[in-house]
Amino acid sequence: METPAANAAAAGTQTDTLRRDQSVAKNLFFGEIVEENLFPYPKMREKDREVLGAMLDAIDDFLAPKHADLKHYDREAEQPPEFIQALRDMGLFGLIIPEEFGGLGLSNAAYARVLTQTSSHDSSVSLTIGAHSSIGMKGLLLFGTDAQKARYLPQLATGEMIAAFCLTEAGAGSDAASVRTKAVRNDDGTWTLNGEKIWITNGGIADFYTVFAKTDTAEGKMTAFIVEAKQAGVSHGPHEDKMGIRASSTTTVAFSDVKVPADQVLGEVGKGFKVAMAILNNGRTGLGGGAVGGMKTLIKMACAQAKDRKQFGKSVAEFGLVREKIAQMTVDCFAAESAVWMVAHYIDSGCTDYSVEAAMSKVFASEAVQRASYEALQIAGGNGFMREFPYEQITRDTRILSIFEGTNEILRLYIALSGLKDVGATLNELKHAVGNIFNDPIKGFGVLSTYVRRKASETTGYGTDKILRELHPSLRKAATVYEKYVVELSKAADALLRQYGKGIADEQHAQKRIADIAIDLFVGLCVLSRADSLVRESHPEQQSAITIAEVFTRQARRRLRRNVRGMAINEDKAIEALAGAVLEKGAIGWDVI
């Protein structure tokens, strides 16, 4: 089996100086740009390139002639068994399973690239594959014992067993810790599982469930289990009637006195929350790759529509406001792709902390593809609203992306609090160092000097907030924006913690602003790195990449300025008061007579 270290070696020189114990995103909150983890922009493993070449062509050859069928599956809200079998035959359920178990052993980057391709045809196809690989059986790869892997992975690789991830419950969506499905340990070491999960992707076709249940044991409050659909007491409900991704299977899954053997515990007893979060963090590159594939298709469709549609004696592609839409879709697509592949690189290279970067890429990519779907539909005009054209389905399909695998609101709070937590720990350490400076001068002065260096960097503009890499003049100008605002983020984080202390956890408006600052910085730095690599390669699209980096940075600068200013000058209290008044009445309190 290939290890992250082996993947890193295969990936080439971009990992030679990688600081695997450092999070780029979290360091931004300290005013630091971890340049070694951003430059040069990562490349796909040669091994993956060889596999992908044939696979991507095969996906196009299979799905392109089926667009009418895929539309029919959407209307009927079901993928027929023969279609699922065709996905099995293509090996699409074994993408990330190691070769020793019969899979293809693709890296996270290559896996995301496959979902980019399938999503360019149909989101439900990507979801069926992605729910299996990204989350359904990812826990087995990450936490499974050798015996569990030997037992299940060969069947999962062929698609003989399809996997599903069972976490969400009524009343326990983003609040994963409040699940009510319960597992009780029996005297013989087995477990009795009872409860119901909702909105389970692949729920109706899965044979292998990764299930999370409350286990009030000395070891912890939640445990992950492997449960087979054939076990007595396991059942699923009918297919849900959804707004989008209708062809994919989404059902309830119920467990009634299911006896689960001790050897089907996944990971450690009581550590289920850790397992769930690791799966979700590790699997977000698949969702991001799917969003990128959707955007590329939308841009292609929008360009064709804009050139073909005539208004006032000329094609609408000549109108400035239409051109603006296409340009913006292109900028967003390049930026999303840059972030998604950077995160995949971190995972493949064995980085130990990438959860915040993964959340950032998911938030940005999911919102970017939704904007693109609306703009492409707008360019199509009335045709875009008609069901005979693909725009309305794509718009419906993309809407789910900001909801599942962690709502974007929850992820923004996670981004902010993860960064602020580390800053807060530093401030507490500083306070402790000051109090004990005479008892432990070496340690005390060490902490103080680190803090003083950071404050000096903020004040003078010299320090680890600088990008030392030699850049193209246009990119150098863009880099100064990120260098400036990473310092502003550090100042804002420091100020918020001094103002609110632990109470910052309740200040969601401030958290959103600081998360959006961090997202713009991370995504912008990924764009900068990718554009720099294309320039160094003399890539045919290098000028477009420079233009994209310039445009993204200018737009980001306006957002950054607004969010930094909003920390002090905002309408948060007025918004809270207005929301309170409306919520109290349960409706708007006025009308026109």
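The chain holds 20 helices and ten strands; helices (H or I, at least four residues) and strands (E, at least two) are DSSP runs, numbered from the N terminus. Its radius of gyration is 25 Å, close to the 25 Å that the globule rule gives for 593 residues, so the chain is as compact as a globular protein of that length. The radius is taken over C-alpha atoms, and the globule rule is 2.2 Å times the number of residues to the power 0.38. This is a predicted model, in which local features need pLDDT of at least 70, side-chain atom pairs count only at pLDDT 80 or more, and totals for chains, interfaces and linings use all residues. Residues are numbered from 1 along each chain as its sequence is written, and side-chain values use heavy atoms, with hydrogens and water left out.

**The chain overall**

- Along the principal axes, the C-alpha atoms fill a box of roughly 80 × 70 × 65 Å.
- Of the 593 residues, 54% are buried; buried means under 20% relative accessible area, exposed over 50%, and partly exposed in between (1.4 Å probe, protein chains only).
- Among contacts (heavy atoms within 4.5 Å) between residues at least 6 apart in sequence, 76% join residues at least 24 apart.
- The chain exposes about 26600 Å², and carbon and sulfur atoms supply 55% of this area. Accessible areas come from the Shrake-Rupley method with a 1.4 Å probe, and for residues only the protein chains shown count as cover.
- The mean positions of the 69 positive and 74 negative charges are 6 Å apart. Lys and Arg count as positive and Asp and Glu as negative, while His and the chain ends are not counted. Each charge is placed at NZ of Lys, CZ of Arg, CG of Asp or CD of Glu.

**Aromatic pairs**

- The structure holds seven aromatic pairs. Rings of Phe, Tyr and Trp (its six-membered ring) pair if their centres lie within 6.5 Å; planes under 30 degrees apart count as stacked, over 60 as edge-to-face and the rest as tilted.
- The ring centres of Trp191 and Phe225 are 5.4 Å apart and their planes stand at 65 degrees, so this pair is edge-to-face. Trp191 lies in strand β3 (residues 191-201) and Phe225 in strand β5 (residues 220-228), so the pair ties together parts that are 34 residues apart in sequence. Both Trp191 and Phe225 are buried.
- Phe364 and Phe552 also form an edge-to-face pair, with 6.0 Å centre to centre and 65 degrees between the planes. This pair links distant parts of the chain, 188 residues apart: Phe364 is in helix α12 (residues 355-380) and Phe552 in helix α19 (residues 542-566). Phe364 counts as buried because its relative accessibility is 9%, and Phe552 is buried with a relative accessible area of 1%.
- Phe62, Tyr73 and Phe83 are linked into a cluster by ring pairs.

**An enclosed helix**

- In helix α14 (residues 391-398), eight of the eight residues are buried, so the helix is largely enclosed by the rest of the structure.
- Among the buried residues of α14 are Tyr391, Glu392, Arg396 and Asp397.
- The cover over the buried residues of α14 includes α4 (67-76), α7 (123-136), α10 (272-308), α12 and α13 (382-385).

**Two single residues**

- Lys47 lies in helix α3 (residues 46-63) and, at 28% relative accessibility, counts as partly exposed. Its C-alpha atom is 8.6 Å from that of Leu106, 59 residues apart along the chain.
- Asp591 is in the segment after α20 (572-585) and counts as exposed, at 70% relative accessibility. Asp591 and Tyr346 are 245 residues apart in sequence and 54 Å apart in space, C-alpha to C-alpha.
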